[in-house]
Amino acid sequence: MIEKSYTSEQLAQMLSTNPVVVRRTMSGLRDEGFVTSEKGRNGGWSLVEHFEQLTLMDIYQAVGEPNIFAMVNQSSHPDFLVEKAVNQVLDDAVVEAQRILFERFRQTTLGDLSMLFNAEANKSN
């Protein structure tokens, strides 16, 4: 187990969000065995020991596979040929972008992110 733990409030402050959002997300990660939680005065959320092996795809799936791209094609005039053509191009581009992104998710571990973080932190010191 990772020794450092953080409360939902601490994590929410770091992420500029609401503690309720953090608890909801973290509970999904806990259900998958990626984090643990302890109640009480010294409680909080902690990463499991093998976090270095977890991929971004593991995390993405654990939080319910939210929609990655907010761009939605327009269908206000479904018989309009220009709209159909534009929508086809957008749909193809989004599918390709998602394929590339998910491949990167599968290749990137939390250990990789930790190394990048530490390298940046060392540059700052």
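Guide: Here is a walk through the core, then the strands, the surface and the salt bridges. Before we start, this is a predicted model, in which local features need pLDDT of at least 70 and side-chain atom pairs count only at pLDDT 80 or more, while totals for chains, interfaces and linings use all residues. Residues are numbered from 1 along each chain as its sequence is written, and side-chain values use heavy atoms, with hydrogens and water left out.

The largest nonpolar core has twelve residues: L11, A12, V22, M26, L29, F34, V35, W45, F51, L54, A62 and L110. By nonpolar core I mean a set of buried Ala, Val, Leu, Ile, Met, Phe, Trp, Tyr and Cys residues joined through side-chain atoms within 4.5 Å. Buried is under 20% relative accessible area, exposed is over 50%, and partly exposed is in between, with a 1.4 Å probe and protein chains only. Helix 1 (8-15) and helix 2 (19-31) each supply at least two residues of this core, and helix 2 gives the most, with three. Helices here are DSSP runs of H or I with at least four residues, strands are runs of E with at least two, and both are numbered from the N terminus.

Now pick out L110 from that core list. If you skip its neighbours within four places in sequence, L110 is in contact with L47, F51, E52, L54, L56 and I59; contact means heavy atoms within 4.5 Å.

L47 also brings us to the strands, where it stands in strand 2 opposite V35, itself a core residue. Strand 1 (residues 35-38) and strand 2 (residues 44-47) pair in the antiparallel sense over four bridges; strands pair if DSSP finds at least two bridges between them. T36 has S46 in strand 2 as its bridge partner. Five residues sit between the strands of this hairpin, and there G40 takes a positive phi near 105 degrees. As background, side chains in a regular strand alternate between the two faces of the sheet.

Back to helix 1, which holds L15. L15 counts as exposed because its relative accessibility is 60%. Together with Y6 and M14, L15 forms a nonpolar patch on the surface, with about 320 Å² of accessible area. Patch members have over 30% relative accessible area and no salt bridge, with nonpolar side chains (Val, Leu, Ile, Met, Phe, Trp, Tyr) joined within 5 Å and like charges within 9 Å. The areas come from the Shrake-Rupley method with a 1.4 Å probe, and for residues only the protein chains shown count as cover.

Last stop, the salt bridges: the structure holds four, each a side-chain nitrogen of Lys or Arg within 4 Å of a carboxyl oxygen of Asp or Glu. One of them joins R23 and E9, whose closest N and O atoms are 3.3 Å apart. R23 is in helix 2 and E9 in helix 1, so this pair ties together parts that are 14 residues apart in sequence. R23 is partly exposed at 35%, and E9 is partly exposed at 46%. Another salt bridge links the side chains of R106 and E103 (3.6 Å, N to O); these two are three residues apart in helix 4 (residues 81-107), so about one helical turn separates them. K123 and E120 also form a salt bridge, with closest N and O atoms 3.2 Å apart, and both lie in helix 5 (residues 110-124).
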